[in-house]
Amino acid sequence: MRGTPEEALLRSNEAFYEAFATRNMEAMDELWAHATPVACVHPGWPPLHGRAEVMSSWRSILLDGDAPEITCENAQAVLLGSVGFVTCYERIGDDRLAATNVFSLEDGVWQLVLHQAGGIAPEAAAPPDQPLN
């Protein structure tokens, strides 16, 4: 890994949003953990568990012609040994969601194990350059 562990974690988070933005299913598949159990909660969806179910959801989102345009703002990384998480805002048009992406180290690479995003009240949303906490 180049740079600090936090920088590596943030690069993996950036790669997730790049795969989402470019609708690159192959890159998305590579980002998710293979040895660690995974889960995902898309806005408005029930929780999804297991790699097959999670990757199926991403296929339906990324390969759908109406997939939303998305950008990540104000990513903040926290390390907990071989686990780390990133909190951020997701910008989709004029809407902002709060998101948490949890990663686990597998063979020295940060792999996604949980993505959860949900709406935030407009009056509760911090400016994009402020931490969520």
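Leaving aside residues up to four places away in sequence, Phe103 touches Leu9, Ser12, Asn13, Ser82, Val83, Gly84, Val86, Trp110, Gln111, Leu112 and Val113. Keep in mind as you look around that this is a predicted model. Phe103 sits in strand β5. Is Phe103 buried or exposed? Its relative accessibility is 0%, and because buried means under 20%, Phe103 counts as buried.

Now let's follow the strands. On one side of the story is β4, which runs antiparallel to β5 and is joined to it by 10 bridges. Within this pairing, Val86 stands opposite Asn101 in β5. The two strands form a hairpin with two residues between them. Look in that turn for Gly93, which has a positive phi of about 60°.

Next comes β6. How many bridges pair β5 with β6? There are 10, and the pairing is again in the antiparallel sense. Here Ala99 stands opposite Ala117 in β6. β5 and β6 also form a hairpin with two residues between them, and Asp107 in the turn has a positive phi of about 55°.

In soluble globular proteins, nonpolar side chains tend to be buried together. In this model, the largest nonpolar core has 30 residues, and those with the most contacts inside it are Phe16, Phe20, Met28, Trp32, Val54, Trp58 and Leu62. Which elements each supply at least two residues of this core? They are the helices α1 (5-22), α2 (25-31) and α3 (51-62), together with the strands β4 (83-92), β5 (95-106) and β6 (109-119). The largest share, six residues, comes from α1.

Our last stop is an open space. The largest pocket has a volume of about 180 Å³. Of the 15 residues that line it, Phe20, His42, Pro43, Ile61 and Pro68 lie nearest its centre. You have already met Phe20 among the residues with the most contacts inside the core. Both α3 and β4 supply at least two lining residues each, and the largest share, three residues, comes from α3. What kinds of residue make up this lining? It divides into 10 nonpolar, three polar and two charged residues.

Terms used:
Residues numbered from 1 in each chain as written. Predicted model: local features only at pLDDT ≥ 70, side-chain atom pairs only at ≥ 80, totals over all residues. Heavy atoms only, no water. Core = buried A, V, L, I, M, F, W, Y, C linked by side-chain atoms within 4.5 Å. Buried < 20%, exposed > 50% of the residue type's maximum accessible area, 1.4 Å probe, protein only. Helix = DSSP H or I, 4+ residues; strand = E, 2+ residues; numbered from the N terminus. 1 Å grid on protein atoms, 1.4 Å probe; cavity = no way out; pocket = protein on both sides within 12 Å on 5 of 7 lines; lining within 4 Å. Points joined across faces, edges and corners; volume = space filled by probe spheres on them. Nonpolar A, V, L, I, M, F, W, Y, C, P; charged D, E, K, R; others polar. Contact = heavy atoms within 4.5 Å. Pairing = 2+ DSSP bridges.
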